[in-house]
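Let's take a walk through this structure together. Keep the model open as you read, and follow along residue by residue.

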Amino acid sequence: MTEQERARNERAASRGQIEQGPRPRDEGADGASRSRERTALREMAAEFVRREVAPHLQEWEDGGEVPRALHAAAARQGLLGVSFPAAVGGQGGDLLDSIALQEGCFDAGASSGLMAALFTGGIALPHLAACGTPQQVDRWVRPTLAGELIGALAITEPGGGSDVAAIRTTAHRDQDADGYVVNGTKTFVTSGVRADFVTTAVRTGGPGHAGISLLVVEKGTPGVTVDRTLTKMGWHCSDTAELAFVDARVPAANLVGEEGSGFAQIAEQFVVERIGLAVHAYGIAARSLDLTAAYCRTRETFGRPLVANQVVRHRLVEMRRQVEVARAYTHAVAARHVAGEAVVAEACLAKQTAVDCATYVCDQAVQLHGGTGYLHGTEVERHYRDARILPIGGGATEVLTDLAARLMGYTA
Ligand SMILES: Cc1cc2nc3c(=O)[nH]c(=O)nc-3n(C[C@H](O)[C@H](O)[C@H](O)COP(=O)(O)OP(=O)(O)OC[C@H]3O[C@@H](n4cnc5c(N)ncnc54)[C@H](O)[C@@H]3O)c2cc1C
């Protein structure tokens, strides 16, 4: 830094401003333009939700499903393919773009369930995009990113979801028919009712993670039944199914990657999935805070607005603090992931930080709305219910904390 620049910084600091030293020209220009692009993406996503989602969301929450037409509309808007490479039909971009898009949706009032249902391709497709054959990409990835198909991911089984390496659904090779015969049950499959295909974790080999493979099972495959009767505390507009496979025959061409590589493929996506759920958590928290701050300015008790009470103002600030911390930490971990760093433990911490934030903020949002906050159809009530899945799905808190402990060397 030159003397001139140092003097300028000191003057700025004395005015309470922080001035950065000069950045390398290219990096700065690129960073600024990427940041503008992300802001535009966030605004476009918010506008999409205000126009296409908000007017209908309660109806979809009550009906238990997001319409297929919404997938097509989101694809036309260029939202479904963000962070998928152009080579598989995506819009390109990275995890930070995907975060900007999701933040825009939550800003405008999207529910966590809506996001899970609409962006179900985000968990069904990455393995196919990374390890699939060109035929698999053409058959499932491109049409899903174009909003023409809906995909789902089935790992969890009635016997347990936390221990992925223990799954029991089997797929035995049927040499005569050049395919697999699948038997077992998957549960809690997001978008499983509407799905045209399900990326399914199956056991093709022996016990443990080395015996797991991924197979795409298509809708209508004989021997597959879909139980649509799982009703949930939250995520009401996200359809959730239990799938039973009885001697279901699946072509060998539907195997994703090598036999036995399923666990590694699933694990590869965990960082992105956990950061995505962190965004759900601080996204609904930020929206609940905005709604609550607005409510506290207009709602009067004892002859003055709620916000006139110091205890209320301090509560709003505490809610804001938690949102800011969760957002900043999640962004930092995502940026390190994009830069190629291994951030498996940090992604667990980011999810937990954001989940704790959502648990506190969504609860306080209901509290400050009083009885109105307890009414079905009040937006903060929906976020409060939706928040409850976040410490369970995509890795339960205890499991992720233990994983972080191992990775950070806090072991006996
Ligand atoms: C709405 C919803 C949508 C979902 N979507 C999908 C999907 O699309 N695809 C999919 O495959 N799965 C999905 N899941 C499943 C989800 O990932 C699992 O519920 C989750 O992994 C936990 O598995 P489990 O429910 O079997 O709980 P279990 O594994 O039985 O664990 C129960 C509880 O025990 C505690 N626990 C577990 N292990 C430990 C441990 N080692 N030490 C201490 N405590 C522990 C945790 O508190 C945990 O919540 C979804 C679930 C829900 C509710």
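This is a predicted model: local features need pLDDT of at least 70, side-chain atom pairs count only at pLDDT 80 or more; totals for chains, interfaces and linings use all residues.

Residues are numbered from 1 along each chain as its sequence is written, and side-chain values use heavy atoms, with hydrogens and water left out.

Start in the middle of things, with the cores. A nonpolar core here is a set of buried Ala, Val, Leu, Ile, Met, Phe, Trp, Tyr and Cys residues joined through side-chain atoms within 4.5 Å. Buried means under 20% relative accessible area, exposed means over 50%, and partly exposed is in between (1.4 Å probe, protein chains only). The largest nonpolar core has 67 residues, and Phe 48 and Leu 114 touch the most other members. Its top contributor is helix α11 (residues 270–298), which supplies 14 residues. Helices (H or I, at least four residues) and strands (E, at least two) are DSSP runs, numbered from the N terminus. Another core lies apart from this one; it has 20 residues, including Phe 84, Val 88, Ile 155 and Ile 266.

Now zoom in on Leu 114. Setting aside neighbours within four places in sequence, Leu 114 is in contact (heavy atoms within 4.5 Å) with Val 53, Leu 57, Trp 60, Val 66, Leu 70 and Cys 237.

Helix α11 also holds His 280. Is that histidine buried or exposed? At 7% relative accessibility, His 280 counts as buried. Beyond four places in sequence, His 280 is in contact with Gln 102, Phe 106, Ser 112, Met 115, Ala 116, Trp 235 and Leu 390.

Next, look at a helix pair. Helix α13 (residues 344–368) and helix α14 (residues 379–387) pack at an angle of about 150°, and their axes are 9 Å apart. The axes are lines fitted to C-alpha atoms, for helices over the stretch in contact, with angles running from 0 to 180 degrees between N-to-C directions. α13 and α14 are therefore roughly antiparallel to each other, a label for angles over 145 degrees. Where they meet, α13 brings Ala 358, Cys 362, Asp 363, Ala 365 and Val 366, and α14 brings Val 380, Glu 381, His 383, Tyr 384 and Ala 387.

α14 itself is mostly covered, with 8 of its 9 residues buried. Among them are Glu 379, Arg 382, Arg 385 and Asp 386. The buried residues of α14 pack against α3 (57–63), α6 (112–118), α11 and α13.

Most residues other than glycine have a negative phi. Phe 188, though, has a positive phi, near 55°. Phe 188 sits in strand β3 (residues 179–190) and counts as exposed, at 58% relative accessibility. Phe 302 has a positive phi too, near 50°; its place is in the loop between β9 (300–301) and β10 (304–305), and Phe 302 is exposed, with a relative accessible area of 85%.

Strand β3 also contains Val 189, which is buried at a relative accessible area of 1%. Not counting residues up to four places away in sequence, Val 189 touches Ala 152, Leu 153, Ala 154, Val 198, Asp 239, Thr 240, Ala 241 and Leu 243.

Note on methods: Angles under 35 degrees count as roughly parallel, over 145 as roughly antiparallel, 65 to 115 as roughly perpendicular and the rest as oblique.
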